[in-house]
Amino acid sequence: MELTENTGHPRRWAILGVLVVALLVIVLDNTVLNVALRTLADPVHGLGASQGELEWSINSYTLVFAGLLFTFGVLGDRYGRKWFLQAGLAIFGLASLLSAYAQSPGQLIGARALMGFGAAAVMPVTLSIISNVFDPRERGRAIGVWAGAIGLGVAIGPVLGGLLLENYWWGSVFLINVPVVLIGLVAVALLVPDSRDPKPGRIDVVGVLLSVIGLVALSYGIIDGGEHGFGRPLVWASIVGGLAVLAVFVAWERRVEFPSLDVRLFRVPRFAAPVAVIGLVFFAAMGVMFFSSFYLQLVRGYSPLETGLLMLPFAAAQLVFAPRSATMVRRYGGRAVAVTGLALTSAALVAFAFATATTPIWIIAAIFFVQGVGMANIMPPATESIMSALPREKAGVGSAVSNTVRQVAGALGVAVLGSVLSGVYRDQIGPAASALPAPIRDAASESVSGAYAVAERLGPAGAAVTGAANDAFVSAMHWAAGLSAVIAALGILVVLRWLPGRSAEEQVLPPEPATDPELVAA
């Protein structure tokens, strides 16, 4: 049906601005923390956190966030998206305050988990609110701005973190969230309309519990395996157990009268294919983001602020190209745009596989830019395809599924590619580490950060250790980047095989009991 009247909310663009601010503060926080890890490890200027405590200061957030995204998306549809947005922001702001003034690594880990709880309430409802306040003809552009905000937050987080750490104490990277959250709460109260599923049916308590247990167990196994290796029984028990619970969840959703997730959606290529593409891309991209920070700060010797500035080309590409991706989709079709984006992303990841300790830094910045352009043309059309496969009243489910897949795939990418990185690094540095005294040999062999700490203790003799560590890390980076490029390239095959083209008839799952064309038109 051709739409002649714009059905969007009169204040939809102002509402989008509020949602982008709420989203930015969530995304910024995780990337801001990445550049603060070395400071937090310092016993004088930080908390004296161990390597394991540093990892869990990030992972406690990720675990709670990934485990609750789907549940909060479903509950937001049922009980009101505005209420969930306000509650999530308030919890996130309080947890940020607790994180800023944490007195021990344990307190920081607990506060970060609470931040993940708040973020899980915010993330899915931002996208579902967009789907409800924008006319289908403008939704693609709005989702492009939303996706651009995610990319912008990922890239400018290190810049902001570097600026704060150079001028203030480590807690400032969390404290800065508080005034932003307060402004966001006022803006949400004044501008954002409430919306919910008008016919939610009975709540699927069993399905909700199964999704939380399965996602938490799977995420824990992935994260713990990435830290300590995948050779331990606990890791595989967690991963296999999580997958088994999720399989039970799918079986339950197929037979229950009011499912949290209608699994029939995964028979619709317009929904299933972009979900798979988002998972593959974030698996590849987040792993590369993880090791590129170590490459720039240790191997290349840049400060946290300089490292953040070098990632700005990625942010610029997201800011420029993501909002324009909807126009490209209308002109060339979603399949062509997604394939182009995946090809550019894969090319950027391949380029990382050839970077060395002496590669001109402008080439590294150009690689980030190309990766940003590629991802700016993947996320918006993929997300729009997912959201347009659902009626507006079920927008939270689509948002929750896409965000959960993105988060779990990102954690899996960091874990798997990080394991590849660690394994190759240990093999490569073995000969050099074997010449070191026993007390420091393990630290130098564990990670490039450990090798640099050892080198500082050795004084002038440490130059040989850092040289060997740099060579080992770059070699390991090449293997991890090559694997990430292959994973991203798999997305091209998925798009070509299953994503409908420009002229393909749209395949959507109609709302019950009848289809409303204005709600499902793309």
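Colleague: In this predicted model, in which helix does glutamine 318 lie?
Modeller: The model is a prediction. The helix that holds glutamine 318 spans residues 312-321, and this is helix H13.

Colleague: Is glutamine 318 buried or exposed?
Modeller: The relative accessibility of glutamine 318 is 4%. Buried means under 20% relative accessible area. Glutamine 318 therefore counts as buried.

Colleague: Which residue has its backbone oxygen 3.0 Å from a polar atom of the glutamine 318 side chain?
Modeller: Beyond its neighbours within four places in sequence, glutamine 318 is in contact with several residues, including Ala147, Leu152, Met375 and Gly372. The backbone oxygen at 3.0 Å from a polar atom of its side chain belongs to glycine 372.

Colleague: What kind of aromatic pair do phenylalanine 72 and phenylalanine 84 form, and which helices does the pair tie together?
Modeller: Phenylalanine 72 is buried at 9% relative accessible area, and phenylalanine 84 is buried at 8%. Their ring centres are 5.8 Å apart with the planes at 65°, so the pair is edge-to-face.

Colleague: Where is tryptophan 169 found?
Modeller: Tryptophan 169 is partly exposed, with a relative accessible area of 37%. Trp169 belongs to a nonpolar surface patch, together with residues including Leu94 and Tyr168. Its place in the chain is the loop between helix H6 and helix H7.

How values were computed:
Residues numbered from 1 in each chain as written. Predicted model: local features only at pLDDT ≥ 70, side-chain atom pairs only at ≥ 80, totals over all residues. Heavy atoms only, no water. Patch = residues over 30% accessible without salt bridge, like charges linked within 9 Å, V, L, I, M, F, W, Y side chains within 5 Å. Areas by Shrake-Rupley, 256 points an atom, 1.4 Å probe, with all protein chains shown as cover. Salt bridge = Lys/Arg side-chain N within 4 Å of Asp/Glu carboxyl O. Helix = DSSP H or I, 4+ residues; strand = E, 2+ residues; numbered from the N terminus. Buried < 20%, exposed > 50% of the residue type's maximum accessible area, 1.4 Å probe, protein only. Polar contact = N/O pair within 3.5 Å; in protein donor to acceptor, adjacent residues only side chain to side chain. Contact = heavy atoms within 4.5 Å. Phe/Tyr/Trp six-rings, centres within 6.5 Å; stacked < 30°, edge-to-face > 60°.
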